[in-house]
Amino acid sequence: MNHIMTESAEVTTQSKGGYVLEVDRLVTEFDTPDGTLRAVNDVSFGVRPGETVCIVGESGSGKSTTMLSALGLIKKDGGRIAGGEVRFNGENLLRMSKERLRRIRGREIGMIFQDPMSSLNPVFTVGDQLVEAVRLHQKVNRAQARKRAIGVLSLVGVPNPEVRFDQYPHQYSGGMRQRAMIAMAIINDPAVLVADEPTTALDVTIQAQVLRVLAKAQKETGSATILITHDLGVVAETADRVLVMYGGRIIEQGDVETVFKSPKHPYTVGLLNSQPRIDENAERLKPIPGEPPNLAALPSGCVFSERCGLRQGREACTSEEPSLQETGESASHSAACHFWPEVRPPVHEQETISVRPKSVGENAPAETVLEVTELKKHFKTSGGLFKRGDKPVRAVDGVSFDLRSGETLGLVGESGSGKTTVGKAALGLVGNVDGTIVFLGKDIARYGRSHLRPIRKDLQMVFQDPYGSLDPRMNVRKIITEPMWIHGIAPGENGVEHLLERVGLRASIAERYPHQLSGGQRQRVGIARALGLRPRVMVLDEPVSALDVSVQAQVINLLKEIQAEDNIAYLFVAHDLAVVHNMSDRVAIMYLGKIMEIGDRAEVYKNPTHPYTQALLSAVPIPDPGARDGEGRIVLKGDIPNPSSPPSGCVFRTRCWKATEKCAIEVPALEDRLGIGHPSACHYPDVPQKNHSVTARV
Amino acid sequence: MNKRVLKSRPLVLGGFIVISVVMVAVFAPLIAPMDPNSQSLENRLSGWGTPGYILGTDQYGRDLLSRLIHGARISLLAGVIAVAVGAVAGLVLGLLSGYFGGWVDLVIGRIFDVLLAFPTILLALAIVAALGPSMTNLIIAIGVATTPHFGRVIRGAILAVRSRDYIVAAEAFGASDFYTMWRHVLPNVLPPVIVTTSLGIGSAIQTEATLSFLGLGVSPPTPTWGNIINDGQAYLGIAPGISLFAGAAIVVAVVGFSLFGDGLRDLLDPRVRK
Amino acid sequence: MLKLIASRILAAVPTLFGVLVATFLIVHLIPGDPISAILGDEATEEQIQTTREALGLNDPLYVQFANYLTQVLQGDLGTSISGRQPVADQIMARLPATISLAIAGVIASVIIGIPLGMLAATRRGGKTDFSALLFTTVGEAAPAFWTGILLSTVFAITLGWLPATGAGTPGDTWSVIRSLILPATALGLAGMALIARITRSSMLEVLNEDYVRTARAKGVREWVVITRHALRNAAIPVVTVIGLNFGVLLGGTVVMETVFARPGIGSLLVNAIFARDYPVVQGVTLVIAVSFVLVNLVTDIVYRFLDPRLRDEVTSKA
């Protein structure tokens, strides 16, 4: 009786803040072999109709778990809700019947997940899955549901929705799949839309498309949106309000302007300082020391205390858990820090003229160590015995560049650009290439493996996946000494310890195995292994893309320090334009196996002359809500073509707004047509007229 | 590490059974209460619990327990040697196939395909049919029948390992093919080989029993679990214990090897090792 | 779809050719002179000549193989030495008994294995899961012929419910079915373990997939999540294992026919081995191996049909 009374009382109590969905003191725990851990710890917030709330945090912050718990989707892995309420229009989702919850999910609350490939069922057509979503909640026949589905597919920008309706998810590209996922989430006009890292798996130009579709979907449905992301740029771009999570707690919340301009939690400040930006040039990032916390061993007191620069040994930080306190910076802005009034705002450095190459001195021209000319690599697609007429994939199609000691050349591109193949080929790790790769006067392009071996020590590589690149059965000491041993280099006394120290690791790590290390530590071990050979050239293949922002900044700084000390030439392969901006002296923009534009870093970012470069830069979300300029952004149409059948003439023409007939016939050469000091491969290059902060978004 | 070994119930139970079976086989003459071939005509086909014959006797009055204990020798020996033959052949072919790829892989793969087209028992039967029934031929037959299974597992494991970045890294720091194979590929391929070996011994024991049961394996009077079941089949109505206990011995041994194999699989996975 | 089937059939051709080579070689593996091995030392010169002729051993190896190939392709599997009958006729007469047993065995293993695996998956970590594990481990460890003997002792000899021997009276469906129950159950118990294990692990894997979460998030009822969204995906590896299991069961029929004295090609093979009737041994071996290849072919096609990703891959390539 009592029980029923409370429930009905809840239903009639309307939310004070006008929230359609309200999370109230939610606690989620996981039982693991290491004990019970709290993934979500006392989290409260609400979202109003038409509003976008972003939850931002690094891995293990609990940002995804919060929303999955709220919707009752954490059953697997021993997750359980240990306390709190989640109210939808005043009704507690956590206590209602399964059937009632089922009727709300998909009808009132739509969800979009990170990986659109695995989130769509591979054995049903997209149409079937959309129709199912409609007919679960609305009494309509199949024909009506189909009509609705095709309508929504066209709303989210899926071309030929009638045809696409009958296709399976694997026949969609990544961006199209995410559009289909959005279509499924909004097909019943939900009151709340939850998007969990919706663009993380996508290329930046596709991300720009999908963010726009998401905004449109929200406008159409008028739904309250909760967007979970690790990307501060996406937050600045989309949020009305922001929740910053760390170690399972909300440590700061408020409107987007306040959180970005005058954050009052040291972690938020650290996060913003760690984030490289395309509109600023920080010679050195200011990362947060240490690593994101292990939920099984959270520090007592403030969860951030171990990494906090503000703590200065004060006892309150370790003895007492700070609660969210109003700061008065703006309405409803609050931070969970005992000493929030002492928090300094994030630093902003203005673009300065590059003074590099730094270590060589300004006058002496640096020695060219690597010269790649007309590099080509065509892969045959494997089709077994009965293949016929398979076109080779032109992974790399005539790429030329040179690399001088002590400098970093950033090689940027989206999927299928061939950037990784270029990186590996430059080290002679790819067989059967055309063109020349001249390392210190010797063309190594056609060297056999045994011939290459003595040169290997000069050419080293750091891999994207720091776990996959370390043999799981060797300890760190073995991993680091193995290359030296092979080349007959004595590690010397304390050699391993010295190398570990150089990459910022404690000597005790030498006896550990890769699976006992964190992602950041593994990557440092990978760098130490390469360094042991004292290489002249290092190819860094997405070395920081698997790392959290705060750790990423540490590794970027480390790589810069090492370069300054050892005068190594870096070929930095990456997809993240902000990271490349921060790391590089020069950049090359790649698209479908070709270089579109190459030149001095500042020049290319300031005066991009190739339409693709312009679009790419414009697509990067800037972590500054003031720079938000959705309308001015260049959003490219369509997907990146399949590298096995690239367009004729200019490979970019199918997505280019300037394309003419000439572009379909004539391949544009990479040359400086405008005479501004750097070449681009476009028949119609131009320099955008406006100043920098806007040029990137014509 | 030790804690993990002891925590894994399949491993402990399986290990216990495996060690017991091995000990019984090794020390059979010491453990067996009687000579497995000594006949006692007045005690023929006595049931279990007969004084002096715990498990009873067979149609010649031979002690069933002693025959089962000695049978463990043959069954285990046949199983272990046959699988060793299969494992080595499979390892070599699998390594060649997985590492070199190309036409080597194609040819070896085809040979495996063809061998796998014959159900294990059939392949073993066909080989024994051609070579004639004997212990050696039995081992050859089971070994050949086991080879493609090992080969497949190893090839798959190598392909998985080879695509890992640490192999590229080894090439990048100048390791030779042979070194990479020896130092990085092989150690990471061994765990599935060890697991398959344990599981393979179990099924080899079964195959041996099947062939001996059909009279195409080890011929009487040498006792094996398979031909004891065969002996007992004619007396199921009077002395069901003969076939029953011999079969139970097979079940226990095979369960032991399969639990042990499963336990090893979990233990050897470096991702879960802590 | 037709393209897919054609490409899979084409891909099976080299294997079938290899199978022919292998069966052809059986006779040539015989150590020493196969003729004396077959006929013993007391054979007359005439006997030796006839047998030599029958086996075509007088020609060079490649001619022998070419002859063998032509014969087999024309459906001629040679003449049995002891029975003086065409091997093909003998096999055809006995094939139905074997095929019905193999199919009954597959059905039994599926009927026991799949529910067991699903039960274990949905009760993961509980007592049911453990009991299922124990049951399947023991079932797999017990040699099929032994289980057959036990079943026969209990249900045929002691209780008299079902026949202990034979394949039933031809034409009398009920007696045929009754004769199948015990051997099929024995085969099923041996084969279910693999199916149960794959069903369990595949189900667990699929239930952890993102698309299952998507289905829940869009408000699909839990049992529909399992039966529609999960099962269809989980079925893909299970189908492969059922196909593989068919081969194991085909091998199992050989022994099971001996245990239950069923007149099938398995017992024909065993008898032929004792009689050193090599044409029959070759013929039966070939038929079983070819059936297995064909079953795998069907499995492969079904597998690709169930998984639209693979369906597409093949049609675009071939």
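**A:Asp128 is partly exposed in the predicted model, at 24% relative accessibility.** Buried means under 20% relative accessible area, exposed over 50%, and partly exposed in between, with a 1.4 Å probe and protein chains only. In this predicted model, local features need pLDDT of at least 70 and side-chain atom pairs count only at pLDDT 80 or more, while totals for chains, interfaces and linings use all residues. Residues are numbered from 1 along each chain as its sequence is written, chains are lettered from A and ligands numbered from 1 in the order in which they are written, and side-chain values use heavy atoms, with hydrogens and water left out. The partner of A:Asp128 is A:Arg142, with which A:Asp128 forms a salt bridge whose closest N and O atoms are 3.2 Å apart. A salt bridge here is a side-chain nitrogen of Lys or Arg within 4 Å of a carboxyl oxygen of Asp or Glu. The pair links distant parts of the chain, 14 residues apart, with A:Asp128 in helix H5 (residues 126-137) of chain A and A:Arg142 in helix H6 (residues 142-155) of chain A. Helices (H or I, at least four residues) and strands (E, at least two) are DSSP runs, numbered from the N terminus. A:Arg142 is also partly exposed, its relative accessible area being 41%.

**A salt bridge joins A:Arg633 and A:Glu237.** The closest N and O atoms of this pair lie 3.2 Å apart. The two residues are separated by 396 residues and link distant parts of the chain: A:Glu237 belongs to helix H10 (residues 232-238) of chain A, whereas A:Arg633 lies in the loop between helix H22 (611-619) and helix H23 (661-665) of chain A. A:Arg633 counts as buried because its relative accessibility is 9%. A:Glu237 is buried as well, with a relative accessible area of 12%.

**B:Glu171 and A:Arg456 form a salt bridge between chains.** Their closest N and O atoms are 3.5 Å apart. The pair runs from B:Glu171 in helix H8 (residues 165-172) of chain B to A:Arg456 in the loop between helix H15 (449-452) and strand S18 (459-462) of chain A. B:Glu171 counts as buried at 18% relative accessibility, and A:Arg456 is buried with a relative accessible area of 3%. Elsewhere, salt bridges with shared partners join A:Glu22, A:Asp24, A:Arg25, A:Glu85 and A:Arg87 into one network. Over all chains, a search of the whole structure finds 49 salt bridges.

**A:Glu51 lies in a loop between two strands of chain A.** A:Glu51 counts as buried because its relative accessibility is 10%. From C-alpha to C-alpha, A:Glu51 and A:Ala145 are 28 Å apart in space, with a sequence separation of 94 residues.

**A nonpolar patch lies on the surface of chain B.** The patch is formed by B:Ile19, B:Val22, B:Met23, B:Val26, B:Phe27, B:Leu30 and B:Ile31, which together have about 650 Å² of accessible area. Helix H2 (9-26) and helix H3 (28-31) of chain B are the elements that give two or more residues to the patch. H2(B) supplies the largest share, four residues. Patches are made of residues with over 30% relative accessible area and no salt bridge, like charges being joined within 9 Å and nonpolar side chains (Val, Leu, Ile, Met, Phe, Trp, Tyr) within 5 Å. Areas come from the Shrake-Rupley method with a 1.4 Å probe, and for residues only the protein chains shown count as cover. B:Phe27 is found in the loop between H2 and H3 of chain B and is partly exposed, at 37% relative accessible area. Chain B has 11 helices and zero strands, and 57% of its 274 residues count as buried.

**Helix H1 (residues 2-29) and helix H4 (residues 61-73) of chain C pack against each other.** Their axes are 11 Å apart and meet at an angle of about 125 degrees. Axes are lines fitted to C-alpha atoms, for helices over the stretch in contact, and angles run from 0 to 180 degrees between N-to-C directions. H1(C) and H4(C) are therefore oblique to each other; angles under 35 degrees count as roughly parallel, over 145 as roughly antiparallel, 65 to 115 as roughly perpendicular and the rest as oblique. The crossing of H1(C) past H4(C) is right-handed, that is, the near helix is turned clockwise from the far one by less than a right angle, anticlockwise being left-handed. Chain C contains 13 helices and zero strands. Its C-alpha atoms fill a box of roughly 80 × 60 × 35 Å along the principal axes, and buried residues make up 50% of its 318 residues.
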